[in-house]
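Me: I would like to learn how to read a few features of a structure. Could we take them one at a time?

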Amino acid sequence: MYSTRAGLILAFHGCDKSVVDKVLNSNDILKNSENHHDWLGHGIYFWENSPSRALEFAKHLMTRKNSSIKVPAVIGAVIDLGFCFDLLDYENLKLLKGGYNLLVLTQIASQLPQNKKTGESDELLLRNLDCAVIQTLHRVREEEKFNPFDSVRGVFWEGKELYPNAGFREKDHIQICIRNPNCIKGFFLPRILNNKFSKI
């Protein structure tokens with residue numbers, strides 16, 4: 001009943017400057033991410049209200065071998081989340097657990113995807129299991145002719161503690177995965193704050 005979000009949000013996508021230019025100048029659209037380890041399933045990913053985190057992520061991607069990012073950049077988007085599978089909603093967490101149970105029924109236990117740690121991090125940054133669970137829910141909803149989710153939204157605690165015994169980490173964020181590109185109402189180039197005036 002409350003899965004349709006009211007109002008618009010601002011969100012940010014980190015990528016190469018050539019992608020920003022192409023989207024802004026030729027009415028192109030960002031491409032879906034369809035990795036097996038995508039945290040919120042397949043779709044177009046954004047950081048909610050955080051252009052600085054989007055830029056930091058683009059810079060991180062640039063350091064990877066064979067990266068397509070040569071000049072890290074950020075594009076902003078005005079988004080209507082539509083019918084949202086919001087994982088900040090308690091009821092949707094129950095639905096997510098049900099998706100896991102459905103996945104288990106269709107997989108041999110030894111073949112169940114696993115979330116994995118990567119690099120020096122002690123965090124599960126490769127979310128193969130979470131992606132499979134969310135994609136299972138989308139598939140079942142489609143098969144049962146249920147209303148498909150336009151977007152998925154989740155909160156993530158990531159990075160080192162901000163201070164000893166903190167409940168906050170240096171890269172905590174809300175991430176959005178857009179499945180229905182019609183949710184994106186427009187793109188923009190983020191501006192730099194003019195410090196001569198107060199924030200609005």
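Me: Which exposed residues does the face of α3 turned away from its buried side carry?

Reply: This is a predicted model. The general idea comes first: an α-helix has 3.6 residues a turn, so residues three or four places apart point the same way. In this structure, the face of α3 turned away from the buried side carries Y90, K97 and L105, which are exposed.

Me: Which residues of α3 are buried?

Reply: N92, G99 and L103 are buried in α3. Viewed down the axis of α3, the buried residues fall within an arc of 40°, so they line one face of the helix. Among the elements that cover them are β4 (84-86) and α4 (128-143).

Me: What span should helix α3 have?

Reply: Helix α3 covers residues 90-106, and at 1.5 Å a residue its 17 residues should span 24 Å. The end C-alpha atoms of α3 are 25 Å apart, which agrees. At the start of α3, the backbone nitrogen of E91 has a side-chain oxygen of D89 within 2.9 Å.

Me: Now a strand. How many bridges join β1 to β3?

Reply: Eight bridges do, and the two strands run antiparallel. P72 in β3 is the bridge partner of D16. β3 also pairs with β9 (residues 184-188), again antiparallel, over four bridges, and there V78 stands opposite G186. Six of the eight residues of β3 are buried.

Me: Is K160 buried or exposed?

Reply: K160 counts as exposed because its relative accessibility is 62%, and exposed means over 50%. K160 lies in the loop between β7 and β8. Leaving aside neighbours within four places in sequence, K160 is in contact with F168, R169 and E170.

Technical notes:
Residues are numbered from 1 along each chain as its sequence is written. This is a predicted model: local features need pLDDT of at least 70, side-chain atom pairs count only at pLDDT 80 or more; totals for chains, interfaces and linings use all residues. Side-chain values use heavy atoms; hydrogens and water are left out. Buried means under 20% relative accessible area, exposed over 50%, partly exposed in between (1.4 Å probe, protein chains only). Two strands pair if DSSP finds at least two bridges between them. Contact means heavy atoms within 4.5 Å. The expected span of a helix is 1.5 Å times one less than its number of residues. The arc is that of the directions from the helix axis to the C-beta atoms. A polar contact is a pair of N or O atoms within 3.5 Å; within protein, one must be able to donate a hydrogen and the other to accept it, and residues adjacent in sequence count only if both atoms are side-chain atoms.
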